[in-house]
Amino acid sequence: MSALPVFRWRLAPDGYATRRQLRARDLRPGGQGVAAQLERPRRRGRPPLVAYLYRVDLAKPVRPMTPGRWRAHEAMMRARRTCPACSRDAGYVIPASLGTCVTCAYPEEQCAA
């Protein structure tokens, strides 16, 4: 097994892209493995930040959203907005730090208003 090529931050040659950069071009890795990595050095002996790169020429187009996928996505987002305590749609994604909607998390502040 050969080691991956390592490039300094912002110095990767053309033809490589991160997942986000591929997605911005409406591409996906498409089953290919990581082709290289970027390393961004940090101070005080901390390990470098690493970003994995994929070859653009081997990337495939993003799969289109089908009606079934849209239904699944809407159901997932509805579940993230539904408060487990009061079972209401909060209208926003419930923060994991609270675990419930703001009204259920801070009921004393809602009465004072």
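Modeller: A residue is called buried under 20% relative accessible area, exposed over 50%, and partly exposed in between, with a 1.4 Å probe and protein chains only. The model here is predicted, so local features need pLDDT of at least 70 and side-chain atom pairs count only at pLDDT 80 or more, while totals for chains, interfaces and linings use all residues. Residues are numbered from 1 along each chain as its sequence is written, and side-chain values use heavy atoms, with hydrogens and water left out.

Biologist: Is Gln37 buried or exposed, and why?

Modeller: Gln37 has 13% relative accessibility. Buried means under 20%, so Gln37 counts as buried.

Biologist: Which strand holds Gln37, and what makes that stretch a strand?

Modeller: Gln37 is in β4. Strands are DSSP runs of E of at least two residues, numbered from the N terminus. Across from Gln37, its bridge partner in β5 is Tyr52, and Val6 also stands opposite Gln37.

Biologist: Why is Tyr52 called partly exposed?

Modeller: Tyr52, in strand β5, has 46% relative accessibility.

Biologist: What joins β2 to β5?

Modeller: Strand β2 (residues 16–17) is joined to β5 by 2 bridges, again antiparallel. At least two are needed, so this is a pair too. Tyr16 has Arg55 as its bridge partner in β5.

Biologist: In which sense do β1 and β4 pair?

Modeller: They pair in the parallel sense, over 3 bridges. Arg8 has Glu39 as its bridge partner in β4.

Biologist: What is the order of the strands in the sheet, and why do β1 and β2 stand at the edges?

Modeller: The sheet is open, with 4 strands in the order β1-β4-β5-β2 and mixed pairing. β1 (6–8) and β2 each have a single partner strand, so one side of each is left without a neighbour in the sheet.

Biologist: What makes the contact of Arg55 and Asp57 a salt bridge?

Modeller: A salt bridge is a side-chain nitrogen of Lys or Arg within 4 Å of a carboxyl oxygen of Asp or Glu. For Arg55 and Asp57 the distance is 2.7 Å, N to O, so the pair meets the rule. Arg55 is partly exposed at 34%, whereas Asp57 is exposed at 55%.

Biologist: How many salt bridges does this rule give?

Modeller: The count comes to 2. Asp89 forms one with Arg81, where the closest N and O atoms are 3.2 Å apart. Asp89 is partly exposed, with a relative accessible area of 45%, and Arg81 is partly exposed at 24%.

Biologist: Which residues form the nonpolar patch on the surface?

Modeller: Leu4, Val34, Val50 and Tyr52 form it, with about 310 Å² of accessible area together. Patches take residues with over 30% relative accessible area and no salt bridge; nonpolar side chains (Val, Leu, Ile, Met, Phe, Trp, Tyr) are joined within 5 Å, and like charges within 9 Å.

Note on methods: Accessible areas come from the Shrake-Rupley method with a 1.4 Å probe; for residues, only the protein chains shown count as cover.
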